[in-house]
Amino acid sequence: MSAKPLNDLSQLCIHTITTKPWNIETAAQNFSKAGVKGITVWRDALTGRNIKQTGQQLRDAGLEIVSLCRGGFFPSIDVSKRKAALDDNRKAIQEAAELGAPMIVLVCGSDPLQPLEESRKQIQDGIMSVLPEAKAAGIKLAIEPLHPMYADTRSAVNSLGQANDMACEINSPLVGVAVDVYHLWWDPHLEQEIKRCGRNNHLYAFHICDWNVPTADFLWDRGLMGEGCIPIKKIRSWVEDTGFQGFYEVEIFSNKFWSEDQSVFLNKIIKAYQEKS
Ligand code: ZN
């Protein structure tokens with residue numbers, strides 16, 4: 001089945017980091033004016049603010065808060081750093097509750113001083129350790145598998161299969177998976193793992209952008225949808241086939257776009273969302 005055109009913006013969400021030069025108030029105002037319906041808030045955007053009030057401002061602007069980015073970074077060879085990570089994740093859960101975000105996206109972490117298997121075990125243990133707080137606050141946790149190029153320091157969870165396995169082992173109604181096309185487009189098992197993710201009710205979030213060819217920087221050069229080689233429409237059709245009805249979240253880190261007028265960039269995002277996503 002091929003994806004239907006995205007004629008309206010009812011499922012469009014934009015991450016605050018996508019328009020990083022704007023503060024959260026400006027972003028909310030401009031997203032809302034442009035007809036964007038959802039916002040995912042990066043924690044740095046909340047610095048120095050009353051989180052509860054900021055959440056209310058976003059809702060007053062007509063935006064649905066989709067998630068808080070990000071928790072995670074659980075593994076470390078150093079036990080005191082693992083403990084600090086748990087504290088930080090508990091803080092993130094508290095912030096999500098204050099903001100009124102229903103979910104936290106987890107960039108799980110990895111420590112190159114230990115085997116990936118050990119890091120994955122610490123990720124799973126870390127998630128289980130903060131589950132009581134997540135439950136008490138009613139906050140979902142979404143494991144986001146990252147592209148294998150980040151396996152050294154950012155995430156030891158590098159495929160949707162691994163994320164699905166972990167969510168199944170944890171087996172909690174509050175722990176699922178965030179599918180980001182940037183990280184997963186290359187995977188020959190992607191279609192079947194998206195199906196499995198949906199079947200298990202673990203498909204919590206869908207992030208879109210594109211893979212620039214060539215990529216100038218592996219962190220700060222994500223492309224706008226349609227600019228690169230990711231078959232976004234095909235992947236979206238697999239996600240929709242699971243019954244997913246959540247937001248399509250535009251998450252672009254780009255030194256190039258951040259140096260442009262963000263209003264012009266926002267218009268480009270909306271056009272690319274409707275025509276190339
Ligand atoms: Zn993402």
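Visitor: How many aromatic pairs turn up in the whole structure?
Guide: A search of the whole structure finds 10 aromatic pairs. Rings of Phe, Tyr and Trp (its six-membered ring) pair if their centres lie within 6.5 Å; planes under 30 degrees apart are stacked, over 60 edge-to-face, the rest tilted.

Visitor: What kind of model is this?
Guide: It is a predicted model, where local features need pLDDT of at least 70, side-chain atom pairs count only at pLDDT 80 or more, and totals for chains, interfaces and linings use all residues. Residues are numbered from 1 along each chain as its sequence is written, and side-chain values use heavy atoms, with hydrogens and water left out.

Visitor: Back to the rings. Why is the pair of Trp 42 and Phe 253 called what it is?
Guide: It is edge-to-face, because the planes stand at 80° and the ring centres are 5.5 Å apart.

Visitor: Which parts does that pair tie together?
Guide: Trp 42 is in strand β2 (residues 38–42). Phe 253 is in the loop between β10 (248–250) and α9 (255–258). So the pair links parts that are 211 residues apart in sequence. Helices (H or I, at least four residues) and strands (E, at least two) are DSSP runs, numbered from the N terminus.

Visitor: Are Trp 42 and Phe 253 buried or exposed?
Guide: Both Trp 42 and Phe 253 are buried. Buried means under 20% relative accessible area, exposed over 50%, partly exposed in between (1.4 Å probe, protein chains only).

Visitor: What about Trp 211 and Phe 218, how are their rings set?
Guide: Their centres are 6.3 Å apart and their planes sit at 40°, so this pair is tilted. Trp 211 has 12% relative accessibility, so it counts as buried. Phe 218 has 48%, so it counts as partly exposed.

Visitor: Which residues form one aromatic cluster?
Guide: Trp 42, Trp 220, Phe 253 and Trp 258 do.

Visitor: New topic. Where is Thr 19?
Guide: Thr 19 is in the loop between β1 (12–15) and α1 (24–34). Its relative accessibility is 0%, so Thr 19 counts as buried.

Visitor: And what is Thr 19 in contact with?
Guide: Set aside its neighbours within four places in sequence, and Thr 19 is in contact with Ala 27, Phe 31, Trp 258, Gln 262 and Phe 265. Contact means heavy atoms within 4.5 Å. Trp 258 also belongs to the aromatic cluster.

Visitor: Now the backbone. Which residues does a cis peptide bond join?
Guide: One joins Cys 69 and Arg 70, with omega about 0°. Arg 70 is in strand β3. The bond from Val 213 to Pro 214 is also cis, with omega near -5°. Pro 214 sits in the loop between β8 (210–211) and β9 (222–223).

Visitor: Why point those out?
Guide: Because most peptide bonds are trans, and most residues other than glycine have a negative phi.

Visitor: OK, phi then. What is phi of Asn 171?
Guide: Near 55°, a positive value in a residue other than glycine. Asn 171 is in the loop between α5 (160–170) and β6 (175–180). At 62% relative accessibility, it counts as exposed.

Visitor: And what is the phi of Asn 201?
Guide: About 60°, positive although Asn 201 is not a glycine. Asn 201 is in the loop between α7 (190–199) and β7. Its relative accessibility is 62%, so Asn 201 counts as exposed.
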